[in-house]
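I opened this notebook to record what I looked up in one structure. The entries follow in the order in which I made them.

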Amino acid sequence: METNVKMDRGIASSSRDGSQIASPDGLAFKNINNPIKKQTICVKQDDDPCHFLRLLYECLVAGGLAGLVVEAALYPIDTIKTRVQVARDGGKIIWKGLYSGLGGNLAGVLPASALFFGVYEPTKQKLLKVLPEKFSAVAHLAAGALGGAVSSIVRVPTEVVKQRMQTGQFASAPDAVRLIIAKEGFGGMYAGFGSFLLRDLPFDALQFCVYEQLRIGYKLAARRDLNDPENAMLGAVAGAVTRVLTTPLDVIKTRLMVQGAGNQYKGVSDCLKTILREEGSSALWKGMGPRVLWIGIGGSIFFGVLEKTKQILSDQSSQKIHKA
């Protein structure tokens with residue numbers, strides 16, 4: 001007898017030889033073989049009342065840790081990207097202080113990344129259960145967009161402070177927060193909020209959809225779970241492709257966030273028109289090289305750390321349940 005049931009992180013199917021086979025949602029499963037009847041039995045854990053809390057905890061920890069590792073490791077590349085996008089009329093790029101604003105950025109990245117995955121993973125799992133299997137991409141797109149929207153509450157102020165420090169406007173994060181609020185009001189902390197959503201909602205939705213779909217295809221072809229280097233490789237590909245497509249939106253977002261009280265640009269459309277009129281369409285692709293380099297390396301690190309941390313936490317939970 002062969003049984004297919006939903007598992008702790010997705011849907012698992014068992015083979016006649018008892019080997020593990022990945023399912024379309026690309027997540028974990030476990031088979032238990034009955035040595036007497038030579039049958040494969042899958043363990044169902046959906047009825048566990050603590051399942052959601054365990055999943056939420058794992059996502060918060062894994063997402064926060066992955067975000068911290070990437071930001072700390074690749075912050076100089078992000079600083080260069082920001083300075084390239086802000087520079088006008090052949091302005092020189094300053095190569096000093098490439099870690100400006102790192103401390104304040106890490107303080108914001110941890111809760112923002114944790115919040116994103118705290119929303120993304122449970123939402124994805126719920127949608128995968130209610131939608132037909134052929135619409136798994138819709139689940140990934142919707143979950144990514146929703147996670148990005150919720151986490152933007154923390155991500156936007158963090159980005160504003162970070163980019164203004166990267167461009168040398170402030171010496172420390174506390175000074176940046178105090179002076180921005182004093183000169184621009186609390187709304188100054190959310191400068192470029194609309195452009196941020198315009199960039200990050202498509203980016204988050206596309207990046208995670210591409211990543212999840214690549215994992216599904218890879219696992220179905222390999223008929224096994226992915227290892228850490230494979231997760232990292234697929235994360236790099238998904239991130240690089242998405243970064244290229246959203247570079248113009250990132251340039252507009254950066255210009256709006258760093259302009260300060262001067263209000264050179266009145267909004268997204270005005271910023272776009274001004275850049276095209278004064279600098280030409282090529283200016284919309286400024287910083288694409290550092291940006292793609294950042295996410296190419298960062299995506300591999302991020303998704304590698306994310307999947308490994310989720311696996312470790314899931315194994316720890318399973319051991320506790322087994323002992324209980």
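How many salt bridges does the count come to? I took a salt bridge as a side-chain nitrogen of Lys or Arg within 4 Å of a carboxyl oxygen of Asp or Glu, and by this rule the count comes to 24.

I noted that this is a predicted model, where local features need pLDDT of at least 70, side-chain atom pairs count only at pLDDT 80 or more, and totals for chains, interfaces and linings use all residues. Residues are numbered from 1 along each chain as its sequence is written, and side-chain values use heavy atoms, with hydrogens and water left out.

Glu 121 lies in helix α2 (residues 102-130) and Lys 310 in helix α9 (residues 288-323), so the pair links distant parts of the chain, 189 residues apart. Helices are DSSP runs (H or I, at least four residues), numbered from the N terminus.I then looked up a nonpolar patch on the surface, formed by Leu 141, Leu 206, Leu 214, Met 233, Val 237, Val 241 and Leu 245. A patch of this kind joins nonpolar side chains (Val, Leu, Ile, Met, Phe, Trp, Tyr) within 5 Å, from residues with over 30% relative accessible area and no salt bridge. Helix α6 gives the most, with four residues, and Leu 245 is found in α6.

Key. Patch = residues over 30% accessible without salt bridge, like charges linked within 9 Å, V, L, I, M, F, W, Y side chains within 5 Å. Areas by Shrake-Rupley, 256 points an atom, 1.4 Å probe, with all protein chains shown as cover. Helix = DSSP H or I, 4+ residues; strand = E, 2+ residues; numbered from the N terminus.
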